[in-house]
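Please read this note with the model open beside you.

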Amino acid sequence: MNFDDAVRLTEILLGFAFAQQSIEHFKSFPNEQRLFIPRFVLAVLLMIGFQTAWVAGLLFLSGLAMLHRFQGPYNGGSDRMSLLVLFCLCLVYLAPTQRWQEIAFGYLALQLVFSYFFSGWVKIVNPEWRSGRALCDVFQFSVYPASESLRQWSKSPRVLFVMAWGVMVFELIFPLLLLSRISLVIALIVAAGFHFANACLFGLNRFFWIWISAYPSILWFQLRFITAN
Amino acid sequence: MFHILKLLLPAVIPSWRFFDVIAPSPRIQFALLNSANAPSDNDYEWCEFRPRPAHLSFLQMLGRMFWNPERNESLFLVSCAERIVQQPTQHSEDEILKRIIAELKTNHSDSTGETTHLQFRLLLVQRQDSRLQQQVVFHSRIQSLSTQDKT
């Protein structure tokens, strides 16, 4: 995947993610509609590739307006990732040379790797995660399970122990999976499956769409800097 | 401007500390009142705001990949509740009151009956050894149901 294709694919996936987020606010309060209806229009323009530099700039401004309106992110980590992807895209458009464009887009790729690695690191240094207790707590009393029946999973500590270690090991070895094309593709499929499971079990649908919008950057980054001869 | 930059910084230089510790978990409960005078906590019937469904089919989960506004709003209210627990702000309290009132008027207009006011409280649920404990940590102001913020 060359640089231009990766940036274009990021625009399309990001536009889709923003359109999906925006539609969810169409029936909300008037001051939210005023933010999200224009954001939906801009997201569609980004998807079809119309004046993408200006459109991304306006989307970034609308992201700042959202931060002000909700006094922080509306949807935690997914809003922060949205701003990060948009920030890097804007830097790509503003960069004066190809080298600076690659640095900006490469920053997104590195942050994507960090998003898995550091999430794994902060878990594995915590004894409650290592024992599987933390994942039991998530299902037993946290706000995340999307239905009451999912709380029953907390009564299967062995299954959750295996799941907790599976998640931690995958997140920690993610950087190593960049070393070959096939391992990276498999890693991204597994990671997308992980986000899909989080969306189903915890209702975190926005994380799924926004994280996969950053995947083209890592596919390009690997070809450009790691497996390039 | 400085405030917006402070909010933006964790997005462009993230820490990626997802689920590092499982913190005490907030619950939002509300009570419908007949007046603006607050009797003691036990005189109210406290209801959980927007309880989660008993069960979701796989098809419903798939549908929520594309259309999940209620759940995402609930997660935003959890953020507001966490902000109140850390440091109460008018904004977070307003957001929770506004959305409870909107929900009551839209989906439960029959249950409000003769009541004129609303209050919510925050409970923190946490595990202490092997038992779950809950503790009331915040009471909102008492809000008239007729002064819904239209914005």
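1. Start with a definition. Rings of Phe, Tyr and Trp (its six-membered ring) pair if their centres lie within 6.5 Å; planes under 30 degrees apart count as stacked, over 60 as edge-to-face and the rest as tilted. By that rule the structure holds 33 aromatic pairs over all chains. One of them joins Y144(A) and F202(A): the ring centres are 6.3 Å apart and the planes stand at 65°, so the pair is edge-to-face.

2. Some ground rules. This is a predicted model, in which local features need pLDDT of at least 70 and side-chain atom pairs count only at pLDDT 80 or more, while totals for chains, interfaces and linings use all residues; side-chain values use heavy atoms, with hydrogens and water left out. Residues are numbered from 1 along each chain as its sequence is written, and chains are lettered from A and ligands numbered from 1 in the order in which they are written.

3. Back to Y144(A) and F202(A). Helices (H or I, at least four residues) and strands (E, at least two) are DSSP runs, numbered from the N terminus. Y144(A) lies in the loop between α7 (133-140) and α8 (157-173) of chain A, and F202(A) in helix α9 (residues 181-202) of chain A, so the pair ties together parts that are 58 residues apart in sequence. Buried means under 20% relative accessible area, exposed over 50%, and partly exposed in between (1.4 Å probe, protein chains only). Y144(A) is partly exposed at 25%. F202(A) is buried at 6%.

4. Which chains does the next pair join? W211(A) and W16(B) form an edge-to-face aromatic pair, 5.7 Å centre to centre with 70° between the planes. W211(A) sits in helix α10 (residues 205-213) of chain A and W16(B) in the loop between α1 and β1 of chain B, so the pair joins two chains. Both W211(A) and W16(B) are buried. Rings also form a cluster: ring pairs link F16(A), F196(A), F208(A), W209(A), F58(B) and F66(B).

5. Most residues other than glycine have a negative phi. W16(B) has a positive phi of about 55°, although it is not a glycine. Its loop runs between α1 (2-12) and β1 (25-33) of chain B. Q71(A) also has a positive phi, near 55°, and is a residue other than glycine. Q71(A) is placed in the loop between α3 (52-70) and α4 (76-94) of chain A. Its relative accessible area is 27%, so Q71(A) is partly exposed.

6. Charges can also meet rings. A charge sits over a ring if NZ of Lys or CZ of Arg is within 6 Å of the ring centre and within 35 degrees of the ring normal. K123(A) puts its charged end over the ring of W129(A), 5.4 Å from the centre. K98(B) lies over the face of F29(A), at 4.4 Å from the ring centre.

7. Next, salt bridges. Side chains of opposite charge can pair when their charged atoms come close. A salt bridge is a side-chain nitrogen of Lys or Arg within 4 Å of a carboxyl oxygen of Asp or Glu. How many salt bridges are there over all chains? The count comes to 19.

8. D137(A) bridges to R133(A), with the closest N and O atoms 3.1 Å apart. Both lie in helix α7 of chain A, 4 residues apart, about one turn of the helix. D137(A) is buried at 3%, whereas R133(A) is partly exposed at 27%. E95(B) bridges to R99(B), with the closest N and O atoms 2.8 Å apart. E95(B) and R99(B) both lie in helix α4 (residues 90-107) of chain B. E95(B) is buried at 5%, and R99(B) is buried at 1%. Salt bridges that share partners join E32(A), R69(A), R50(B), E73(B), E95(B), R99(B) and E103(B) into one network.

9. One bridge to trace between chains: E148(A) pairs with R52(B), the closest N and O atoms being 3.7 Å apart. The pair crosses from the loop between α7 and α8 of chain A to the loop between β2 (47-48) and α2 (58-64) of chain B.

10. Last, the cysteines. A disulfide is a pair of cysteine sulfur atoms within 2.5 Å. A search of the whole structure finds 0 disulfides over all chains. C47(B) is partly exposed at 28%, and C80(B) is buried at 0%.
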